[in-house]
There are 2 protein chains.
Amino acid sequence: MNNPRELLLAMYTAAIDAASAARCLPAFLPAPPENGRTLVIGAGKGAAAMASVVEGHWQGDLEGLVVTRYGHGADCSRIEVVEAAHPVPDEAGRAAAARMLRMVQGLNENDLVLCLISGGGSALLALPAEGIALEQKQALNRALLKSGATIAEINCVRKHLSAIKGGRLALTCVPARVVTLLISDVPGDDPGIIASGPTLPDPTTCADALAILRKYRIDIPPAIERHLVSGDGETPKPDDPRFARNAHHVIANAQQALEAAAQVARAAGIEPHILSDRIEGEARDVGAVHAAIARQIAQHGQPFKKPCVLLSGGETTVTVRGKGRGGRNAEFLLSLATALDGCPGIHAIACDTDGIDGSEDNAGATCQPDSIACAERLGLRARAMLDDNDGYGFFSALGDLVVSGPTRTNVNDFRAVLIL
Amino acid sequence: MNNPRELLLAMYTAAIDAASAARCLPAFLPAPPENGRTLVIGAGKGAAAMASVVEGHWQGDLEGLVVTRYGHGADCSRIEVVEAAHPVPDEAGRAAAARMLRMVQGLNENDLVLCLISGGGSALLALPAEGIALEQKQALNRALLKSGATIAEINCVRKHLSAIKGGRLALTCVPARVVTLLISDVPGDDPGIIASGPTLPDPTTCADALAILRKYRIDIPPAIERHLVSGDGETPKPDDPRFARNAHHVIANAQQALEAAAQVARAAGIEPHILSDRIEGEARDVGAVHAAIARQIAQHGQPFKKPCVLLSGGETTVTVRGKGRGGRNAEFLLSLATALDGCPGIHAIACDTDGIDGSEDNAGATCQPDSIACAERLGLRARAMLDDNDGYGFFSALGDLVVSGPTRTNVNDFRAVLIL
């Protein structure tokens, strides 16, 4: 490895490869049904890539429809791929969700539904429950994304306003068997949370959804309040007998991606330490804690000897207060760089494994010991830009963005802090 | 060790002992002056304990005055001990600061001033600069403490509104030599930040102080704005030749305390891992990150094998949004417990090493795997109480507060997360 940035980028690439459908999916394909049809459905940033791998390996007939994000499509000949908007749903996603629901109606018990789920599916498969307008769901979604709510909380709300999420899609498939393959982008890999679990039962309730909206002081339109208070939005629960024949498998997750990055580090003679595959919290505070641990290593050789690399996954949140640009990975990294304040020998990368950090065109960014000093020479004040949530602006000016384009998988954030 | 809570409490006790004046101070006492007087001055939660140790070891005459927090006094026969209010200054502190300034006027170059500084000294040694009312400083102080500003930021503001901080006390001692002994309660142990550095030069400026007040949207009274804009509040800088003969020593810090706790763990057969002595950030997010690392250990045996204990120091902050009671350690711990959500085998303690968490009567608290479940049986909802910043209420109801009383030292937060 010629330089630290190259090593960090190689770790990121290895993390994505390890979580790709091509690598992970084939081993989990069920046997084709003997006397029934196979329908492939799905949603998420990796859904088209997953569908393409299914087509390449499936023995027998199949047909189907998957929804992915604009730009995340992949070549499929038998499964239709629809692209739609993320993170705020649009009409393309709504129409595809409605068609998907119709497609799985009237199946019989010999049929198989193969459901391909990955992160982003929640926004892509947006079909409001009866009586709720898409615009209302969109506005609520925007408010939730800005509020600092966790992804589990956001998805709990989404499930109870949807005609398809929280197990409703699987209910429509009854009596066919549903096998769900999931690429997990949620801390803890709970399959019912990934993409709001359209084919999995849901332990959360309408009351939980209401409490979350109130907690973050989100304006609740009357139609939505009625829907939640009346219980019309209630989801099928885990003991529902109609789910008994179904199965699900998490085929890729953050831990696999981190382990792959660890292998790259080890091969380069750098000892890897996986802190956690499920770190949550405000991106700036998570950055400050990573910085504090990195400084301890640099100064005291604790809890690890250098050279080493700290790896972590999970999903941070950004409570937007400023007017800058950038996703949670840029925010994490700018906070880390600010807290390190030029501490020698520490380099880092933070990228979304889906290739898109928030709603920008970058996957994330890298930083190095002189990032803050270089920025100052350009007239940029790191702390002020962090306060303005302008991580994208900061790393863009330094030429340190990581631009990978859509990776067609999604196991959430990838962070590596290299202490030399 | 009979049980996990007992082990955690023993680690906390060892941490405090390792940072006590009795243990740390004697080795750093300078030689008495040959032909001059010795004046002992100082401020902080440990100032009276430090003065008492000086009296016990000093060869020769001495006299002086130190200010400590109400309830943190210690027996001294030659050095006067004044108690005053913390964290919001009061008249007792103001009067003591004014007397201290007068006491060190008119010294000669043979005299020695021994200055005993520890955390809390910043609020205890509050003497507003000319033209600024104590009430204005108090109001600003309260607003800063609630704003989420870091302690370095709060102290930068304090230094530029003070007649005694940021090196001004040492300027008054000129031409006497000043030796400052410090117990560090600040992440990174920068001696100029501890108690706002009354005897140390200050690299920060009036412009920095203004920027901090604006960043946190604090109302700035006109008199204070004039003082900062005019440069009247400027502090002596590090290249000031009048500081050339002075010396300072950090005699105790978080790292020493953590190392002592690590010894206790090791003796109990539990491998200790010091994550960092300088963790900063919102207490709830820092708690979430500790929980994520603990879960990784429990689930994957990474980055450490269990049984082990994670140790960390530093100073978190709480941005108060709710109406509950509790300091940053209770908030950290409630967030940790909430994120762990009953994960088996994980116990933790979080306490302030000064014995007082925020403005309550406890040092902190402990939690265990069934804390959340026990609370639910009492009708308490952990997440709602965290949102209300009510860590004290939560752990008080469970009987899990740690009440040590004032420890008369202060090396900041102490956290231990035990994974069995």
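Here is a short walk through some aromatic rings and one serine in this structure. This is a predicted model, in which local features need pLDDT of at least 70 and side-chain atom pairs count only at pLDDT 80 or more, while totals for chains, interfaces and linings use all residues. Residues are numbered from 1 along each chain as its sequence is written, chains are lettered from A in the order in which they are written, and side-chain values use heavy atoms, leaving out hydrogens and water.

Let's start with the rings. Over all chains, a search of the whole structure finds five aromatic pairs, meaning rings of Phe, Tyr or Trp (its six-membered ring) with centres within 6.5 Å. In chain A, the ring centres of Phe394(A) and Phe395(A) are 5.0 Å apart and the planes meet at 85°, so this pair is edge-to-face (planes over 60 degrees apart; under 30 is stacked, the rest tilted). Phe394(B) and Phe395(B) also pair edge-to-face, with 5.0 Å between centres and 85° between planes. Phe394(B) and Phe395(B) are both buried, that is, under 20% relative accessible area with a 1.4 Å probe, counting protein chains only.

Now look for Ser276(B) in strand β7, residues 271–282 of chain B; a strand is a DSSP run of E with at least two residues, numbered from the N terminus. Ser276(B) has a relative accessible area of 0%, so this serine is buried. A polar atom of the Ser276(B) side chain lies 2.9 Å from the backbone oxygen of Ala292(A). The side chain of Ser276(B) also reaches the backbone nitrogen of Arg278(B), at 3.1 Å.

Note on methods. Buried < 20%, exposed > 50% of the residue type's maximum accessible area, 1.4 Å probe, protein only. Helix = DSSP H or I, 4+ residues; strand = E, 2+ residues; numbered from the N terminus. Polar contact = N/O pair within 3.5 Å; in protein donor to acceptor, adjacent residues only side chain to side chain.
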